[in-house]
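User: Can you walk me through this one? I'm new to reading structures.

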Amino acid sequence: MRLMSAFLVGLVFGVGIAISGMINPAKVLNFFDITGTWDPSLIFVMGGALVTTFVGYRFVLRRDKPMIEERFQLPTARDIDARLIGGAAVFGIGWGIAGFCPGAAVPALGSGKVEVAGFVAALLAGLWVARLIQAKQADRRAVA
Amino acid sequence: MTGFETEFTPLMSLAGGVLIGLSAVFLMFLQGRIMGATGILSGLVTGTTPGDRGWRAAMVAGMIAGPLLVLAVTGQMPAVDVPVSWPMILIGGFIVGVGVTYGSGCTSGHGVCGNARLSPRSMVATVTFMITCGVTVYVIRHVMGG
């Protein structure tokens, strides 16, 4: 039940990424290239996704608990700090360099293109290294 | 690295966006979680419990099957054109991995789910990465002379 539903959620997301054009780095980079070969399509992707999620969450979060888990696990962090802004800034730079964000690159693996596999491998390496550094820093704080 | 024109596709992009939103609503309804690619991937990489890895792997498999389903239905694989060089793919990928870890999310987690919850953190993160991404594309294409 859990695996099947997770697969189906992933499938709906993957089809959405695919037909929306988010899957295509050429299109994504053109969205940001306002002074060049601008393609405003991604405004519609963000708009459609945001409105749907905003309305859907209103109904879902009114329930006592989700279907297969005991409770909702919503982010609790509130701080707008250097880590959040710095991380987001660095992410944007990488996105602008390669043209893929994580949620678009994973479905793009289905295209079988070797460039996508290269991007995802580098992405996972970056995730892993950053997690490692964060864990080391947390250890040091715990000792001190 | 100058780009080439891509077709303006408002209807398909809107339809795809609605599907992305529906998947986020379904995940909240079923598991009570935020649909964030960063969170799903980092859980796979660092690993928590075996059962926890299972649903993440299943979701990633579903995501990868998405364009294959589009291929099966329409007879055409959605275009994936990568207009940048190999070093840019690898450097960009690594930078994205570091950035989304420190920033606690990406376009799906902050940009869609967090903003839909009206989270101030997500709004700040989204504005920040949209600006740095735009500036980066401008510098690469128009300043460094693409």
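Analyst: Start with a term: helices (H or I, at least four residues) and strands (E, at least two) are DSSP runs, numbered from the N terminus. By that count chain B has six helices and zero strands. This is a predicted model, where local features need pLDDT of at least 70, side-chain atom pairs count only at pLDDT 80 or more, and totals for chains, interfaces and linings use all residues. Residues are numbered from 1 along each chain as its sequence is written, and chains are lettered from A and ligands numbered from 1 in the order in which they are written.

User: What box do the C-alpha atoms of chain B fill?

Analyst: Taken along the principal axes, the box is roughly 50 × 40 × 30 Å.

User: And how much of chain B is buried?

Analyst: Buried residues are 58% of its 146 residues. A residue is buried if 20 or more other C-beta atoms lie within 10 Å of its own, exposed if 12 or fewer, and partly exposed in between, with C-beta atoms placed from the backbone.

User: Which residues touch the most other members in the largest nonpolar core?

Analyst: A:Ala104, A:Ala105 and A:Phe119, in a core of 86 residues. α1(B) gives the most to this core, 10 residues. A nonpolar core is a set of buried Ala, Val, Leu, Ile, Met, Phe, Trp, Tyr and Cys residues joined through C-beta atoms within 7 Å.

User: What does A:Phe119 touch?

Analyst: Leaving out residues up to four places away in sequence, A:Phe119 touches A:Ala98, A:Phe100, A:Ala105, B:Ile89 and B:Gly93.

User: New topic: α6(B). What span should its 24 residues have?

Analyst: At 1.5 Å a residue they should span 34 Å, and the end C-alpha atoms are 33 Å apart, which agrees. The expected span is 1.5 Å times one less than the number of residues.

User: What covers the buried residues of α6(B)?

Analyst: The cover includes α2 (25–32) and α4 (82–98) of chain A, together with α5 of chain B. Among those buried residues are B:Phe129, B:Val137 and B:Ile140.

User: How do α5(B) and α6(B) cross?

Analyst: Their axes come within 8 Å and cross at roughly 150 degrees. Axes are lines fitted to C-alpha atoms, for helices over the stretch in contact, and angles run from 0 to 180 degrees between N-to-C directions. The residues of this contact divide into two nonpolar, six polar and one charged.

User: Last one. Is B:Leu118 buried or exposed?

Analyst: B:Leu118 counts as exposed because 10 other C-beta atoms lie within 10 Å. It sits in the loop between α5 and α6 of chain B, and has a positive phi of about 60 degrees although it is not a glycine.

User: And B:Ser104, buried or exposed?

Analyst: B:Ser104 counts as buried, with 22 C-beta neighbours inside 10 Å. B:Ser104 is in the loop between α4 and α5 of chain B, and its phi is positive, near 55 degrees.

How values were computed:
Two residues are in contact if their C-beta atoms, placed from the backbone, lie within 7 Å. Ala, Val, Leu, Ile, Met, Phe, Trp, Tyr, Cys and Pro count as nonpolar, Asp, Glu, Lys and Arg as charged, and the others, Gly among them, as polar.
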